Amino acid sequence: MAKQIQQMCPKAQLYVLRLEDHPSDDGGRQISAKSAAQAIRAAVKKQVHIISMSWTVGPPENDTVRRDLEKAITDAANENTLMFCSASDKGANQNETYPSKATNNIFKIGAANPAGRPDQWVRNVDFIFPGSNTVEHDAKSSFFVSTTSSDGQVLPGVTTKETLVVSGSSIATALAAGLAALLLHCVQVRIFLGVSEEEKKILRAKFEGLKTHDQMKQAFKKIGVTEDNLVTVWEVFGNDEKLGSMLTGDGRQLQVVINKATKRFIGD
């Protein structure tokens, strides 16, 4: 999912944690709730702005593990860490899975099909993003990741090369988290390019506000959404080519584009 996040926000700095998993009853793979709690706490300790969780897990049978997972999620919400999670692939059971079950201060993201409509299993989500097409990561790509041991301890980062075939709400979640990172980055650039200390002070306050769940949610809506809650990113940032040009262009071009974009979602 790192590729999708940086596709949206090339300047994003990633702190990637790999979760322990095990075989599930349906023949697939299921992540460990204990390792999920450990990873969330590690991210909060790192003081990240955003946690992207492209997974769901049912309520753990062990009450101690369940309470620990819930506390990790609610503690992250109380720290105003923006959290994005995938919709369950079982549709009607979305409200019964973690991490979304633990708090309302989390963005539930579903996949949109090529027509911009929710995928058939998507229910009860905040927003939808493209995600129904399978994406294959380059096997030569390297990612710096941290891992978790069987007892949930976070282990040092390692470099790995792998091919992943992913689709659905997992992709959509990464894109949503990347958009949030891009909005924060745009405000940071405006602060850096501010012409007066008073302007910078106002923008810093808006940046702190944008790091909260409610204000980021409003920012997504101000960008524009369809009746199915597909965020119409192109209305503010254009297509991939225009976005890339914006982020790599000269200072004057960057200032004009970012000023115009940020006025859309945080005002003057």
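Student: Before I start, what should I know about the model?
Tutor: It's predicted, so local features need pLDDT of at least 70 and side-chain atom pairs count only at pLDDT 80 or more, while totals for chains, interfaces and linings use all residues. Residues are numbered from 1 along each chain as its sequence is written, and side-chain values use heavy atoms, with hydrogens and water left out.

Student: Okay, helices. At what angle do helix 4 and helix 6 pack?
Tutor: At about 95°, with their axes 11 Å apart. Helix 4 covers residues 169–192 and helix 6 covers residues 213–223. Helices here are DSSP runs of H or I with at least four residues, strands are E runs of at least two, and both are numbered from the N terminus. Axes are lines fitted to C-alpha atoms, for helices over the stretch in contact, and angles run from 0 to 180 degrees between N-to-C directions.

Student: And what do you call that arrangement of helix 4 and helix 6?
Tutor: Helix 4 and helix 6 are roughly perpendicular to each other. The cut-offs are 65 to 115 degrees for roughly perpendicular, under 35 for roughly parallel, over 145 for roughly antiparallel, and oblique for the rest.

Student: Which residues make the contact?
Tutor: From helix 4, Ala176, Leu179, Ala180, Leu183 and Leu184; from helix 6, Met216, Ala219, Phe220 and Ile223. Contact means heavy atoms within 4.5 Å. By class, this contact has nine nonpolar, no polar and no charged residues. Ala, Val, Leu, Ile, Met, Phe, Trp, Tyr, Cys and Pro count as nonpolar, Asp, Glu, Lys and Arg as charged, and the others, Gly among them, as polar.

Student: How do helix 4 and helix 5 cross?
Tutor: At roughly 165°, and their axes come within 9 Å. Helix 5 is residues 197–210, and the two helices are roughly antiparallel to each other. Among the residues in contact are Leu183, Leu184 and Val187 of helix 4 and Leu203 and Phe207 of helix 5. By class, that contact has eight nonpolar, one polar and four charged residues.

Student: New topic: how many salt bridges does the structure hold?
Tutor: Nine. A salt bridge is a side-chain nitrogen of Lys or Arg within 4 Å of a carboxyl oxygen of Asp or Glu. One of them joins Lys71 and Asp75, at 2.8 Å from N to O. Both residues lie in helix 3 (residues 63–78), four residues apart, about one turn of the helix.

Student: What does Asp228 form a salt bridge with?
Tutor: Arg117, with the closest N and O atoms 2.4 Å apart. Asp228 lies in the loop between helix 6 and helix 7 (234–237) and Arg117 in the loop between strand 6 (107–112) and strand 7 (127–130), so the pair ties together parts 111 residues apart in sequence.

Student: Last one: where does Asp126 lie?
Tutor: In the loop between strand 6 and strand 7. Asp126 is buried, with a relative accessible area of 15%. Leaving aside neighbours within four places in sequence, Asp126 is in contact with Ile106, Phe107, Lys108, Lys217 and Asn229.

Key: Buried means under 20% relative accessible area, exposed over 50%, partly exposed in between (1.4 Å probe, protein chains only).
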